[in-house]
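Colleague: I have the sequence and the model open side by side. Please walk me through how the pieces pack together.

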Amino acid sequence: MDELIESAREVQERAHVPYSDYPVGAALRTADGTVYVGCNIENANYSNSLHAEEVAIAEAVKEGHREFDALAVSSARRDGVTPCGMCRQTLAEFCDDDLPVVCDEGDEVAEYSLGELLPNTITEEMLE
């Protein structure tokens, strides 16, 4: 997981955060070991902003990946930031409840499963 945290930290430098000054990076590892990174991209119209996790998963899906085995998230503050509810639901579209989500706390990490962060997920089966 150290490699994922490091990748999430590095991509923060590319974040576009002129409004919040809160850079976030995410690193998503696919089942075959490929790592995709994303950073947050803010917009003056806040609802058009992109979250780091969204950017990473969009890039991976665009490249044909649909199976993931770990996610790391880091903010420049190293405050243990977790994916927001919207990002959790997007991850749940492609990932099982047991996906490890590692959150950067500086010298340590907090680890959750996606199911812990988003219990009772809206699923495809619910829409049938």
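Colleague: At roughly what angle do the axes of helix 2 and helix 3 cross?

Modeller: One note before the angle: this is a predicted model, where local features need pLDDT of at least 70, side-chain atom pairs count only at pLDDT 80 or more, and totals for chains, interfaces and linings use all residues. Residues are numbered from 1 along each chain as its sequence is written, and side-chain values use heavy atoms, with hydrogens and water left out. Helices (H or I, at least four residues) and strands (E, at least two) are DSSP runs numbered from the N terminus, while axes are lines fitted to C-alpha atoms, for helices over the stretch in contact, with angles from 0 to 180 degrees between N-to-C directions. The axes of helix 2 and helix 3 (residues 85–94) come within 10 Å, and the crossing angle is roughly 20 degrees.

Colleague: Is that arrangement roughly parallel or roughly antiparallel?

Modeller: Angles under 35 degrees count as roughly parallel, over 145 as roughly antiparallel, 65 to 115 as roughly perpendicular and the rest as oblique. With an angle of roughly 20 degrees, helix 2 and helix 3 are therefore roughly parallel.

Colleague: Which residues of helix 3 make the contact with helix 2?

Modeller: Contact means heavy atoms within 4.5 Å. Helix 2 brings Glu53, Glu54, Ile57 and Val61, and facing them from helix 3 are Met86, Cys87, Thr90, Leu91 and Phe94.

Colleague: How many residues in that contact are nonpolar?

Modeller: Ala, Val, Leu, Ile, Met, Phe, Trp, Tyr, Cys and Pro count as nonpolar, Asp, Glu, Lys and Arg as charged, and the others, Gly among them, as polar. The contact of helix 2 with helix 3 has two charged residues and one polar residue, and its nonpolar residues number six.

Colleague: What covers the buried residues of helix 2?

Modeller: Buried means under 20% relative accessible area, exposed over 50%, and partly exposed in between (1.4 Å probe, protein chains only). In helix 2 the buried residues are Ala52, Glu53, Glu54, Ala56, Ile57 and Ala60. Their cover includes strand 1, strand 2 (35–39), strand 3 and helix 3.

Colleague: What is the relative accessible area of Asp21?

Modeller: Asp21 sits in the loop between helix 1 (2–11) and strand 1. Its phi is positive, about 50 degrees, although Asp21 is not a glycine. Most residues other than glycine have a negative phi. Asp21 is exposed, at a relative accessible area of 57%.

Colleague: How far apart in space are Pro23 and Cys39, C-alpha to C-alpha?

Modeller: Pro23 belongs to that loop between helix 1 and strand 1, and is buried at 17% relative accessible area. Beyond its neighbours within four places in sequence, Pro23 contacts Gln12, Ala15, Val17, Asn40, Ser74, Ser75 and Ala76. Between Pro23 and Cys39 there are 16 residues of separation in sequence, and in space 7.2 Å.

Colleague: Is Arg88 buried or exposed?

Modeller: Arg88 lies in helix 3. Leaving aside neighbours within four places in sequence, Arg88 is in contact with Thr82, Pro83, Leu114, Leu117 and Leu118. With a relative accessible area of 16%, Arg88 is buried.

Colleague: What is the relative accessibility of Asn120?

Modeller: Asn120 is in the segment after helix 4. Its phi is near 55 degrees, a positive value in a residue other than glycine. Asn120 counts as exposed, with a relative accessibility of 75%.
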